[in-house]
Amino acid sequence: MPERTTIRELARLSGVSIGTVSRALNGYTDVRPETRERIIRLAEELDYTPSASARSLVTQRSHVVGVFLNTGEGHPDLQHPFFHEVLAGVQETAGAQGYDLLLFSTENPGNGYGSHSYVKRCRHHNVDGVVLMGFEHRDEDVRRLCASSIPVIGVDVELTGRDTAFVTSDNVQGGQLAVQHLAAFGHTRIATIAGPVETVAGERRLKGYRDGLAAAGLAFRDEYVTGGDFYVDSGHTAAAKLLALPEPPTAIVAASDFMAVGALRAATEAGLRVPDELSIVGFDDIMLAAHLQPGLTTLRQDKQGLGDAAARWLMAHIDGDAANAPEAVTLPIELVARGTTAAPASRS
């Protein structure tokens, strides 16, 4: 494997000092045009790449954004497509500014040296900023991170601290839109499979569901509220419980598309036709939603927009332009009506 060309070697071949090479490559105007041209041409020919550590010493930046992603207990991998699309938005915006992403493990990698807090790991890798997803704001490690001098932005995580903010979708609006859509069809027995209420998304979508019932003049029924963890199996279990009630719902609002998929399976197992005998609404509008049969009615989040907004906030704070970065960003929700919702059949 050929050795990487060093700045010292590039200076020797260019016939100039190391300082001149550095200044030429960094765009300083006090280098003669013909010298700069010669250095740049040689650098391209030799595929010269400046050392990241050396660049960090000069710029005081690593040009790396750390990402802490908590996918929930029992889901150690990146199964949920919501996270994929948000990360794509972060990567596209941060990448355009010359930043790379470093995905941290949320486990404590002691390696014989004791517990490594989020702050320690950020300091160790010298990240310029951090994106948090899937966490509770009450997490002690998150609180310590927010109390540090590192810029931290949460996606669906309400953060408070010296250099923190959060971006989110209008989850309350989403819950309201779902109930409004079903009530307009004539449904009065509308249940929900809520997400974890300790999360911003879970708590606010449940609030939106309750607000939607009140706006439609429908009574809130405790037995019509079940919980899940945003994944398929929990949606299946919760829907089966709802459908086994003495007076089962004619419609279910699931707080994620994955849980809605589980509800569809439970409906099939119960011998119910969707949407003729049971209407189902999801949340997220993941790519799978449009390809189900029937297509899933859902609440569309601008997932890449969330990632873009998070990255833009971080870039502004890293660049010292915090005054022009909003403290929080809330993106609107759109209801996408497909084939899993219709007027209720006369079913007792």
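**Figure 1. Surroundings of Thr-192 in the predicted model.** In this predicted model, Thr-192 makes contacts beyond its neighbours within four places in sequence with Leu-206, Tyr-209, Tyr-224, Val-225, Thr-226, Leu-242 and Val-253. Thr-192 belongs to strand S6, which spans residues 190-194. With a relative accessible area of 4%, Thr-192 is buried, because residues under 20% are counted in that class. Val-253, one of the contacting residues, also takes part in a polar approach: a polar atom of the Thr-192 side chain lies 2.9 Å from the backbone oxygen of Val-253.

**Figure 2. The largest cavity and its lining.** A search of the whole structure for cavities of 30 Å³ or more returns 1. The space in the largest cavity amounts to about 60 Å³. Thr-192 is part of its lining, together with Gly-175, Ile-193, Ala-194, Arg-205, Leu-206, Tyr-209, Val-253, Ala-254, Ala-255 and Phe-283. Three elements, S6, H9 and strand S8 (251-254), each contribute at least two residues to this lining. Classified by residue type, the lining of the largest cavity comprises 8 nonpolar, 2 polar and 1 charged residues.

**Figure 3. The largest pocket.** The largest pocket holds about 600 Å³ of space. Its lining consists of 28 residues, of which Asn-70, Gly-134, Pro-196, Thr-199 and Phe-230 are the closest to the centre of the pocket. Helix H5 (81-96) and helix H9 (200-215) each provide at least two lining residues. H9 gives the largest share, 3 residues. By class, 11 nonpolar, 9 polar and 8 charged residues make up the lining of the largest pocket.

Figure 4. Helix H1 comprises residues 7-14, and its buried residues are Leu-10, Ala-11 and Ser-14. These three lie on the same side of H1 because they cover an arc of only 100 degrees around the axis. Arg-8 and Arg-12, on the other side of H1, are exposed. The cover over the buried residues of H1 includes helix H2 (18-25) and helix H3 (33-45). After H1 comes Gly-15, with a positive phi near 75 degrees.

**Figure 5. Ile-7 and its contacts.** Ile-7 is located in helix H1. Its relative accessibility is 25%, so Ile-7 counts as partly exposed. When neighbours within four places in sequence are left aside, Ile-7 is in contact with Ile-18, Val-21, Ser-22 and Tyr-48. Val-21 is 14 residues away from Ile-7 along the chain, and the C-alpha atoms of the two residues are separated by 7.3 Å.

**Figure 6. Overall context of the close-up views.** The protein has 12 helices and 12 strands. Among its 348 residues, 49% count as buried. Of the contacts between residues at least 6 apart in sequence, 68% join residues at least 24 apart.

Key. Residues numbered from 1 in each chain as written. Predicted model: local features only at pLDDT ≥ 70, side-chain atom pairs only at ≥ 80, totals over all residues. Heavy atoms only, no water. Helix = DSSP H or I, 4+ residues; strand = E, 2+ residues; numbered from the N terminus. Buried < 20%, exposed > 50% of the residue type's maximum accessible area, 1.4 Å probe, protein only. Contact = heavy atoms within 4.5 Å. Arc of directions from axis to C-beta. Polar contact = N/O pair within 3.5 Å; in protein donor to acceptor, adjacent residues only side chain to side chain. 1 Å grid on protein atoms, 1.4 Å probe; cavity = no way out; pocket = protein on both sides within 12 Å on 5 of 7 lines; lining within 4 Å. Points joined across faces, edges and corners; volume = space filled by probe spheres on them. Nonpolar A, V, L, I, M, F, W, Y, C, P; charged D, E, K, R; others polar.
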